[in-house]
Amino acid sequence: MSAATGMSNVPDVAIDSSRRSHTWIAAFRTVPGITGLVLMAVVVVLALLAAFGLTPYNPAHQNVSEALSAPSAKHWFGTDQFGRDTFSRVAAGLANSLLIAVVSVAAAAVVGTLIGVLAGFFLGVTDRVVGIVTNVLFAFPSLLLALALAATLQRSWLTVAIAIAVVYMPIFARVARGPVLTLRTADYVQASTAIGRRRFSTLFAHVIPNMRGILVVQVTLSLSWAILTEAALSFLGFGTPPPAASLGGMVYEAQALTSVAPWMLLFPGAALICAVIGLNLLGDGLRAALDPKTGGR
């Protein structure tokens with residue numbers, strides 16, 4: 001009987017694995033999913049060029065003799081008021097934005113999800129304390145809270161990442177808590193507890209894995225919000241300090257020169273829009289694929 005049981009589990013595992021693969025593939029078969037994937041591929045390639053020093057020019061190199069040069073074969077996106085290559089700075093700005101977004105959202109997702117799961121699974125005092133803390137954080141506008149944190153700490157890319165992580169942590173806590181309230185009463189969770197398995201073991205083995213779809217969608221959306229928040233902080237002068245390139249900082253610098261050098265505003269703005277829209281469309285594709293009512297169609 002045990003051998004037969006063991007053999008019967010193999011097809012179930014294969015079917016489950018096949019369903020997961022189909023779900024992820026289905027996310028990129030939708031129009032939003034494909035569009036988002038293409039936009040993010042462009043963004044990531046540009047960011048990698050800057051990260052590995054493969055841009056045509058050093059983003060911080062100044063050449064006053066070529067200041068405010070229009071787009072050409074030599075400078076694809078033109079130059080700024082200091083003669084810095086705009087294409088290289090846009091690529092570096094994307095790399096900086098993605099680094100901050102990934103670090104901040106990863107921290108917010110891990111800590112916020114853990115807090116929300118514990119609150120929803122154990123309830124009682126834990127749930128009340130988490131509820132109070134998240135309500136206090138939600139009482140402040142997200143940008144204002146990030147601005148206050150960034151202004152308090154020493155200015156650097158890590159400071160910006162920490163500020164954004166604190167802002168988005170309660171969002172993940174709220175998103176995680178809701179499904180846990182339902183999952184904690186599921187038959188397989190109750191059975192796991194009944195056979196003597198520790199509650200923490202049950203939590204990580206059966207509850208959290210069944211929330212991955214919701215969390216993946218939230219991560220993609222939060223990445224786009226994080227990029228916008230980082231750009232806003234840089235625009236206000238509280239982002240990554242110069243000479244590091246920042247899309248928000250580039251947009252701020254271009255304000256006074258729009259009539260003379262419109263490319264200074266056009267290309268950083270377009271890069272920012274591509275990154276944000278690309279991530280949102282990816283989130284829409286994943287949401288459609290993970291929705292049981294649509295089945296990824």
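Modeller: The model is a predicted one. D80, T86, R89, M250, E253 and M264 line its largest cavity. Two or more of these lining residues come from each of helix 3 (86–122) and helix 10 (247–254).

Colleague: How many cavities of 30 Å³ or more does a search of the whole structure find? What volume does the largest cavity have?

Modeller: The search finds 1 cavity of 30 Å³ or more. The volume of the largest cavity is about 60 Å³.

Colleague: Let us turn to pockets. How much space lies in the second largest pocket, and which residues lie nearest its centre?

Modeller: A pocket, unlike a cavity, is an open set of points. In this model the second largest pocket holds about 210 Å³ of space. Its lining comprises 16 residues, and those nearest the centre are R155, T240, P242, G249 and E253. Helix 9 (212–235) and helix 10 are the elements that supply two or more residues to this lining.

Colleague: Which element gives the most to the lining of the second largest pocket?

Modeller: Helix 10 does, with 4 residues.

Colleague: How should I read the crossing of helix 3 and helix 4?

Modeller: Angles over 145 degrees count as roughly antiparallel, and those of 65 to 115 as roughly perpendicular. The axes of helix 3 and helix 4 (residues 124–138) cross at roughly 135° and come within 7 Å. Helix 3 is therefore oblique to helix 4. Their crossing is left-handed.

Colleague: Which residues of helix 3 and helix 4 meet?

Modeller: From helix 3, I115, L118, A119 and F122 meet G124, T126, D127 and V130 of helix 4. The residues of this contact divide into 5 nonpolar, 2 polar and 1 charged.

Colleague: At what angle do the axes of helix 5 and helix 9 cross?

Modeller: The axes of helix 5 (residues 142–152) and helix 9 cross at roughly 55° and come within 10 Å. Helix 5 is therefore oblique to helix 9. The crossing is right-handed. L143, A146 and L147 of helix 5 make the contact with T229, A232 and L233 of helix 9. Here the division is 5 nonpolar, 1 polar and no charged residues.

Note on methods:
Residues are numbered from 1 along each chain as its sequence is written. This is a predicted model: local features need pLDDT of at least 70, side-chain atom pairs count only at pLDDT 80 or more; totals for chains, interfaces and linings use all residues. Side-chain values use heavy atoms; hydrogens and water are left out. On a 1 Å grid over the protein atoms alone, a cavity is a set of points where a 1.4 Å probe fits but cannot get out, and a pocket is an open set with protein on both sides within 12 Å along at least five of seven lines; lining residues have an atom within 4 Å of a point. Grid points are joined across faces, edges and corners, and a volume is the space filled by probe spheres set on the points. Axes are lines fitted to C-alpha atoms, for helices over the stretch in contact, and angles run from 0 to 180 degrees between N-to-C directions. Angles under 35 degrees count as roughly parallel, over 145 as roughly antiparallel, 65 to 115 as roughly perpendicular and the rest as oblique. A crossing is left-handed if the near helix is turned anticlockwise from the far one by less than a right angle, and right-handed if clockwise. Contact means heavy atoms within 4.5 Å. Ala, Val, Leu, Ile, Met, Phe, Trp, Tyr, Cys and Pro count as nonpolar, Asp, Glu, Lys and Arg as charged, and the others, Gly among them, as polar.
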